[in-house]
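I opened the model today to look up a few positions and then the fold around them. My notes follow in the order in which I made them.

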Amino acid sequence: MSKAKVGAVIVSVLLVFYFILMGQRAFILLREPELVPKLIGVALIVLPILGAWALVMELLFGTRMERLARILETEGGLPVDDLPRTPGGRIVQSAADEAFGQYQQEADAAPEDWRSWFRLSCAYDASGDRKRARATMRKAIGMYRAGS
């Protein structure tokens, strides 16, 4: 199991423990006669539910992304991680930007192919644009799910 998966499991277990504790506190506050403790009790129920939803969505995103990566790996279509790195291990920005153009052209040439969007997402990630990398990966996942 990878470090990321171990970390996700640990965070999930801690979050479930937190939900249990907050649920207990919420029901104590809901039994209070005053309005303010009742409102805090409601918040202690609603906020962990939102947190659980966010956690489930992130876990699903990771699982779906891994599924697409395995498919690309079997097809030999995963982008090769051969970009030069600094002594600290970071990808050299100019090299990532140069490689990015290739993946952008591929996605422009095959806009209906989830594989090109997956690779473009990896290029965004290598360039340090995490927000666009996640959005592009979501697009690739959506395209794959619509086609399968």
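I began with Val 9, which is partly exposed, its relative accessible area being 44%. Val 9 sits in helix H1. I also checked Val 9 against Glu 75: they are 66 residues apart in sequence, and their C-alpha atoms are 29 Å apart in space.

A note on the basis of these entries: the model is predicted, local features need pLDDT of at least 70, side-chain atom pairs count only at pLDDT 80 or more, and totals for chains, interfaces and linings use all residues. Residues are numbered from 1 along each chain as its sequence is written, and side-chain values use heavy atoms, with hydrogens and water left out.

Next I looked at Ile 28, also a residue of helix H1. Ile 28 counts as partly exposed at 43% relative accessibility. From Ile 28 to Arg 145 I find 117 residues in sequence and 44 Å in space, C-alpha to C-alpha.

I then took helix H1 as a whole. It covers residues 3-30, 28 residues, and reaches 40 Å from its first C-alpha to its last, close to the 40 Å expected. The expected span is 1.5 Å times one less than the number of residues. Which residues of H1 are buried? I list Ser 12, Met 22, Gly 23 and Ala 26. Helix H2 (35-75) is included in what covers them. Contact here means heavy atoms within 4.5 Å.

Helix H3 (residues 93-109) came next. Its 17 residues should span 24 Å at 1.5 Å a residue, and the end C-alpha atoms are 25 Å apart, which agrees. The buried residues of H3 are Ala 95, Ala 96, Ala 99, Phe 100, Tyr 103 and Ala 107. These buried residues pack against helix H4 (114-126).

Neighbours within four places in sequence aside, Ser 127 is in contact with Gln 93, Ala 96, Asp 97 and Phe 100.

I went on to Thr 136, in helix H5 (residues 130-147). Thr 136 counts as buried at 8% relative accessibility. With neighbours within four places in sequence left aside, its contacts are Trp 117, Leu 120, Ser 121 and Tyr 124.

Last, the whole chain. I count 5 helices and 0 strands, where helices (H or I, at least four residues) and strands (E, at least two) are DSSP runs numbered from the N terminus. The radius of gyration is 21 Å, well over the 15 Å that the globule rule gives for 148 residues, so the chain is more spread out than a compact globule. That radius is taken over C-alpha atoms, and the rule is 2.2 Å times the number of residues to the power 0.38. The C-alpha trace spans about 65 × 40 × 30 Å along its principal axes. Of the 148 residues, 26% count as buried. Among contacts between residues at least 6 apart in sequence, 48% join residues at least 24 apart.

Notes. Buried < 20%, exposed > 50% of the residue type's maximum accessible area, 1.4 Å probe, protein only.
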